[in-house]
Structures are given as structure tokens and as C-alpha cells.
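This briefing looks at how side chains pack inside a protein and where its surface leaves open space. Please keep the sequence and the coordinates in view while reading.

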Amino acid sequence: DHYTVGDVRKLLHYYPRKSFDAVLCIDVIEHLSEREGMRLLKEMELVAKKRVILLTPNGFYHQHALEGNPYQIHKSGWNRPQFTRLGYNTFGLRGLRILRDDHASIKYKPWLFWGSVSFLSEIIFFFVPDVCFDVLAVKDV
């Protein structure tokens, strides 16, 4: 029931080490440069007592400043090999990436059919993140 408004690139400014059992970061790291993203990963690992959980698009997806918001621009892309080198376990989410456009919407019509295919492909390819739209990265610290 407590919120902190601040710059995610300065986690250790707001929270001491080992402040939370788990640190969750959803659709954030791709909005940072690779250097800033690496720093964020390190700081999340320091703030977490047990686990870091991260969700990001698989690879780089171009995104403009949506509704004029410059913080919506994608500056980096992340994938399974990068996370694996850093000690993360990875999983695939949102199904096959070939079924979705840059904003994760289903590309094809009829949407109900292709959305169902995407949902089923997530179940099939959960352990093959290279072909999925999103990568879920999990690290026990």
C-alpha cells in the first residue's frame, strides 16, 4: 500500500539492498539503452532477496513516442541468449511472434481464429522463447 514515484534507473536511491523478496519488471527494460538496462538488472538483483522476474519483447521492436510520450520509445532489444548469459531462466509468452505486430496485437484476421492459434502456440512454445513474442526471464538471487 506504499508507492514510490521515481526513476527506475536509480533503484538503489529509493530502496536498500534486499528490500523485497521479488522484484518484478514488466515491459520496462526495452525503453532503456542497453547500458541502462544492464545497470537496472544489476540493481534489481541487489534489491531482491530471492528472485528477479522480467518481461520484455523478444528482440528489438521499433516503437515511437506513443501519444507524444518520449518514454514509450524502445531503445534496446533483449532476448534469450542475453538473459541466459546473465544467469536467467527464460520462457516464451504471447505465442509465436510471427502472429503479432510490433505492439503485440494479432496481425491476421479473423482475430478470433489467429488469437486462438497464438494462445495455443504459447502453451506449445513456452519452453522455446526464441520463437515467442515476449521473453519472461527469471533469476533466483
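This is a predicted model: local features need pLDDT of at least 70, side-chain atom pairs count only at pLDDT 80 or more; totals for chains, interfaces and linings use all residues.

**Nonpolar cores**

- The largest nonpolar core has 17 residues, and among these L40, L41, M44, L54, F83 and Y88 touch the most other members.
- Two or more residues of this core come from each of β1 (20-26), α2 (34-47), β2 (48-57) and β4 (132-140), with α2 making the greatest contribution, namely four residues.
- Once neighbours within four places in sequence are set aside, L40 is in contact with V8, L11, C25, V28 and L32.

**Largest pocket**

- The volume of the largest pocket is about 270 Å³, and of the 13 residues that line this pocket, V8, R9, H31, L32 and Y71 lie nearest its centre.
- Sorted by class, the lining of the largest pocket consists of five nonpolar, four polar and four charged residues.

**Second largest pocket**

- The second largest pocket, with a volume of about 230 Å³, is lined by 13 residues, and those nearest its centre are T4, L11, Y15, F20 and V23.
- Both α1 (11-14) and β1 supply at least two residues of the lining of the second largest pocket, and the largest share, four residues, is that of β1.
- By class, the lining of the second largest pocket comprises ten nonpolar, two polar and one charged residues.

Terms used: Residues are numbered from 1 along each chain as its sequence is written. Side-chain values use heavy atoms; hydrogens and water are left out. A nonpolar core is a set of buried Ala, Val, Leu, Ile, Met, Phe, Trp, Tyr and Cys residues joined through side-chain atoms within 4.5 Å. Buried means under 20% relative accessible area, exposed over 50%, partly exposed in between (1.4 Å probe, protein chains only). Contact means heavy atoms within 4.5 Å. On a 1 Å grid over the protein atoms alone, a cavity is a set of points where a 1.4 Å probe fits but cannot get out, and a pocket is an open set with protein on both sides within 12 Å along at least five of seven lines; lining residues have an atom within 4 Å of a point. Grid points are joined across faces, edges and corners, and a volume is the space filled by probe spheres set on the points. Ala, Val, Leu, Ile, Met, Phe, Trp, Tyr, Cys and Pro count as nonpolar, Asp, Glu, Lys and Arg as charged, and the others, Gly among them, as polar.
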